[in-house]
Amino acid sequence: MSQTYRSTRSSADQTISFEEAVITGLAKDGGLFLPAEIPKLDSEFVSKWSNFSFEELAFNILRLYINSSEIPDEDLKTLISRSYSTFRSDEVTPLVKIDSKSNLYLLELFHGPTYAFKDVALQFLGNLFEYFLVRKNAQKKPEEERSILTVVGATSGDTGSAAIYGLRNKKDVSVFILYPTGRVSPLQEQQMTTVADDNIHTLSVKGTFDDCQALVKEVFNDKEFNDKYHIGAINSINWARILAQMTYYFHAYFQLVKKLPESERESFKVKFVVPSGNFGDILAGFYAKEMGLSIDQLVVATNENDILNRFLTSGKYDKADEVKATYSPAMDICVSSNFERFLWYMVKRTVAGNDAKKAGEIMNNFMSVLATKGIFTVDDSTLTAATNIMRSAMITNAQTVDTIRETYKSTSNKYILDPHTAVGIATALQTIEKDGNDESIKYISLSTAHPAKFNEVVNEALDKFDDYSFETQVLPDELKKLESLPKKIKLIETADLKTIESTIIEELTKEGKN
């Protein structure tokens, strides 16, 4: 059972608590927090957990990583219940059959308040932040200064709105979301900028998502600023996000078993196909597999920003010269932050000889080289360790549109995919072919967002069908209302640390928190 955390870049045995890992977000050495050990589950957990609800599974998984002295059982159950009561599906993340292939399933992760998979983690993280801060402030004397948290995050689309909806009106928390101007969909921008709560601030930054992410990291690394304003992370660098996402892998597996005929339940294999940009979504699957969930393989689905696919093919982690604007903008990333966590485990098992301190030293060197040269290469044993767990594919814009169109045409219920989910389905179909159409292998592709959020691409794919209408078939009434609401945006023309920090100070002053 692992309930303490260490940095991916540390060459020491220093560990911290769950609360510190969550509130701090990023380690002082620039590394990411990961559990000192991954809990291992024996085969009995399958029978014990197979009929659990999503919330019951979440409690049992989170309890393995969070000491009860930090969050007692009843408090943890309340946090979980509050987080998932906002979802539109009783299953929270339902597994559905799309009949283009008999062994292909789709895990719908878009039933939360912002219609994106990131709600699964960020509804929980928002409640967690408030829980820790309220408790800390309740223990203070009246004359002592209240503890506040200034959450700073970057988004390529869905993280921003999910974070905003998870943290709006939370006591003692202020939120600053940076997003690249013109590089998120109009609906994604509306979701972020129409939230009028005083503690929510949206910053439209001239540049790319990677520019926004780099600025966030600079803010974290400014010790004086961080110490004064207590900067917290909501991007998938925050360990609590990865932890919360593990639940839907277990939940999907148990839903799949119930859907299979009795004759197939003992001998099938399952592969998860995951559209991936920042690597957090699929990293949660890696932890689920390491814990003991029977996952045969994880498949990384990338768009034309394919650093992960290139690494798993060559062993070179090579930052692209520029980020390509694609139809799946949430994946338009040239450096996948969470990959550092996965690579730490691969390095530890191979060249580090299972020595955590040595793994930290090697990872620190890799990240330093990446920062200066934009590329590093791992040895063959590390690459082999990685590819034994994951395979990958790259899907183009044209293939994305074709997949949306063909899925609509070939499914009896006219299923409509968003472009990110289409990248996953296209990869799943390629993987099925490579596996020789083996019916004993079941494929679960993760559906990451509701198609309403990407009307331009969906319309390009489906407008030629006489029976298609975006307004009636795709766009929910709740999202239709956003267009008429006033927007609250601050434009950032100069993407530098000084500008961002002065903007944060200005807005905190207006809130009375400076």
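Asn437 is partly exposed, with a relative accessible area of 34%. In this predicted model, Asn437 sits in the loop between helix H17 (419-434) and strand E15 (441-447). Its phi is positive, about 50°, although Asn437 is not a glycine. Most residues other than glycine have a negative phi.

Phe279 also has a positive phi, near 75°, and is likewise a residue other than glycine. Phe279 belongs to the loop between E10 and helix H11 (280-291). Is Phe279 buried or exposed? Phe279 is buried: its relative accessible area is 1%, and the cut-off for buried is under 20%.

## Glu264

Glu264 is placed in the loop between helix H10 (239-259) and strand E10 (269-275). With a relative accessible area of 28%, Glu264 is partly exposed. In sequence, Glu264 and Gly182 are 82 residues apart. In space, the C-alpha to C-alpha distance of Glu264 and Gly182 is 48 Å.

## Aromatic pairs

A pair of aromatic rings is described by the distance of the centres and the angle of the planes. The count for this model is 29 aromatic pairs. Take Phe18 and Phe132: their ring centres are 6.4 Å apart and their planes stand at 65°, so the pair is edge-to-face. The cut-off for that class is over 60 degrees.

What does this pair tie together? Phe18 lies in helix H1 (residues 18-24) and Phe132 in helix H5 (residues 119-138), so the pair ties together parts that are 114 residues apart in sequence. Both Phe18 and Phe132 are buried.

## Charges over rings

Arg88 lies over the face of Tyr115. The distance from the ring centre is 3.6 Å. A lysine case involves Lys464 and Phe465. The charged end of Lys464 sits over the ring of Phe465, 5.8 Å from its centre.

## Helices H8 and H21

Two packed helices are described by the angle between their axes and the distance between the axes. For helix H8 (residues 209-221) and helix H21 (residues 497-511), the axes come within 10 Å. They cross at roughly 70°. H8 and H21 are therefore roughly perpendicular to each other, as angles of 65 to 115 degrees fall in that class.

Which residues meet here? From H8 come Leu215, Glu218 and Val219. From H21 come Leu497, Ile500 and Glu501. By class, the contact of H8 with H21 has four nonpolar residues, two charged residues and no polar ones.

Definitions and conventions: Residues numbered from 1 in each chain as written. Predicted model: local features only at pLDDT ≥ 70, side-chain atom pairs only at ≥ 80, totals over all residues. Heavy atoms only, no water. Phe/Tyr/Trp six-rings, centres within 6.5 Å; stacked < 30°, edge-to-face > 60°. Helix = DSSP H or I, 4+ residues; strand = E, 2+ residues; numbered from the N terminus. Buried < 20%, exposed > 50% of the residue type's maximum accessible area, 1.4 Å probe, protein only. Lys NZ or Arg CZ within 6 Å of the ring centre and 35° of its normal. Axes fitted to C-alpha atoms, helices over the stretch in contact; angles between N-to-C directions. Parallel < 35°, antiparallel > 145°, perpendicular 65-115°, else oblique. Contact = heavy atoms within 4.5 Å. Nonpolar A, V, L, I, M, F, W, Y, C, P; charged D, E, K, R; others polar.
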